[in-house]
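Subject: Structure handover and what was found in it

Dear colleague,

I am passing on the structure that we talked about, together with some notes on what was found in it. Please open it beside this message and read the two together.

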Amino acid sequence: MALEIKEVSSNKCFAGFQKVFSHQSASTKCEMKFAVYLPAKAVDNTPCPVIYWLSGLTCNELNFVQKAGAQKIASELGIILVCPDTSPRGCNIAGEDDSWDFGTGAGFYVDATEEAWKINYRMFSYVTVELPEVVNKNFPTNGKQSIMGHSMGGHGALVCALRTPGFYSSVSAFAPICAPTECPWGHKAFSGYLGADKAKWDEYDACKLVSKYSGPPLGILVSQGESDQFLKDGQLQPEKLVEACAKSCMPVILNRDEGYDHSYFYIATFINDHIAHHAKFLFE
């Protein structure tokens, strides 16, 4: 696996540096970009824990670092933030740019099995295997990591944590797609990437995975805005995650916040709470 990276940009921020890198991915067979915030401790080569952020539909590696305002608390706590892109890009697959919720910008953090997509669209392997190896090789990490995300990325964070017991210390999500096998976004993505076999779909549904989880306790935190338009149309269904966790005795915190929508204004309001939540596990 190629672990070499190329710096695309660098900006000093809260005594650390917000950077973007590119590299040739073995998982997706194309160039991938990811953003990294390095707090001053990491710049000084002190090993730090990592929080991975997975973004939602149509986003890339820049949305979170430009809109969420997470660098200040990450700098204060000494946490590295890593934000990958949401899909491969420019793979010349027929239909990859035809819609906003499938293909480019919409990898859904699965390893595709359908013929057209299975070579490049391997975001689960990229996020859980290749990217951590690249990060650990190139930055001063201490071996502890957590994961969080938004919407499609919230789905991805939950799935990554539940499918890799013990790898992440904690997981959190803003407005995650909790039951993708039971909502329109999930039906479209899973049928396209995984085909008609719904047993494959279950491997990427947090509500189904909770019942199979056998690793150490996970600190699960979910924040959901009550004025989220996608909550109202049934795309998110956080109540099903809470029900699944209750049946499996999996601790979960669901915060339902009145008046907040699906935007990064919501994320920016509560990002400090989420990073503080992860810090409890990363520094214990």
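Is β8 mostly covered or mostly uncovered? β8 is mostly covered, since seven of its seven residues are buried, where buried means under 20% relative accessible area, exposed over 50% and partly exposed in between, with a 1.4 Å probe and protein chains only.

Before going further, please note that this is a predicted model, in which local features need pLDDT of at least 70 and side-chain atom pairs count only at pLDDT 80 or more, while totals for chains, interfaces and linings use all residues. Residues are numbered from 1 along each chain as its sequence is written, and side-chain values use heavy atoms, with hydrogens and water left out.

The sheet and its helices

The strands form an open sheet of nine, with mixed pairing and the order β1-β2-β3-β5-β4-β6-β7-β8-β9. Here strands (E, at least two residues) and helices (H or I, at least four) are DSSP runs numbered from the N terminus, and two strands pair if DSSP finds at least two bridges between them. At the edges stand β1 (6-13) and β9 (252-257), each with a single partner strand, so one side of each is left without a neighbour in the sheet. From one strand to the next, the twist averages 20°; axes are lines fitted to C-alpha atoms, for helices over the stretch in contact, and angles run from 0 to 180 degrees between N-to-C directions.

Strand β8 (residues 219-225) pairs with β7 (residues 170-174) in the parallel sense over five bridges, and Ser 170 stands opposite Gly 219, as Phe 174 does opposite Ser 223. β8 also runs parallel to β9, joined to it by six bridges, with Leu 221 opposite Ile 253. Gly 219, Leu 221, Ser 223 and Gly 225 point one way from β8, whereas Ile 220, Val 222 and Gln 224 point the other way.

Helix α10 (residues 238-247) lies across β8 and β9 and runs at about 155° to β9. Helix α11 (residues 264-282) packs on the sheet, touching β4, β5, β6, β7, β8 and β9, and its direction makes about 170° with that of β7; contact means heavy atoms within 4.5 Å.

A buried residue in a loop

Ile 79 is found in the loop between α3 (71-77) and β5 (80-84), and it is buried, with a relative accessible area of 0%. Leaving aside neighbours within four places in sequence, the residues in contact with Ile 79 include Tyr 37, Pro 49, Ala 74, Ile 275 and Phe 283.

Aromatic rings

Rings of Phe, Tyr and Trp (its six-membered ring) pair if their centres lie within 6.5 Å, with planes under 30 degrees apart counted as stacked, over 60 as edge-to-face and the rest as tilted. By this rule the count comes to 21 aromatic pairs. Phe 102 and Trp 117 have ring centres 4.9 Å apart and planes at 80°, so the pair is edge-to-face, and both residues are buried. The rings of Trp 185 and Phe 230 have centres 4.8 Å apart and planes at 45°, so this pair is tilted. Trp 185 lies in helix α6 (residues 184-194) and Phe 230 in helix α9 (residues 229-232), so the pair ties together parts that are 45 residues apart in sequence.

With best wishes
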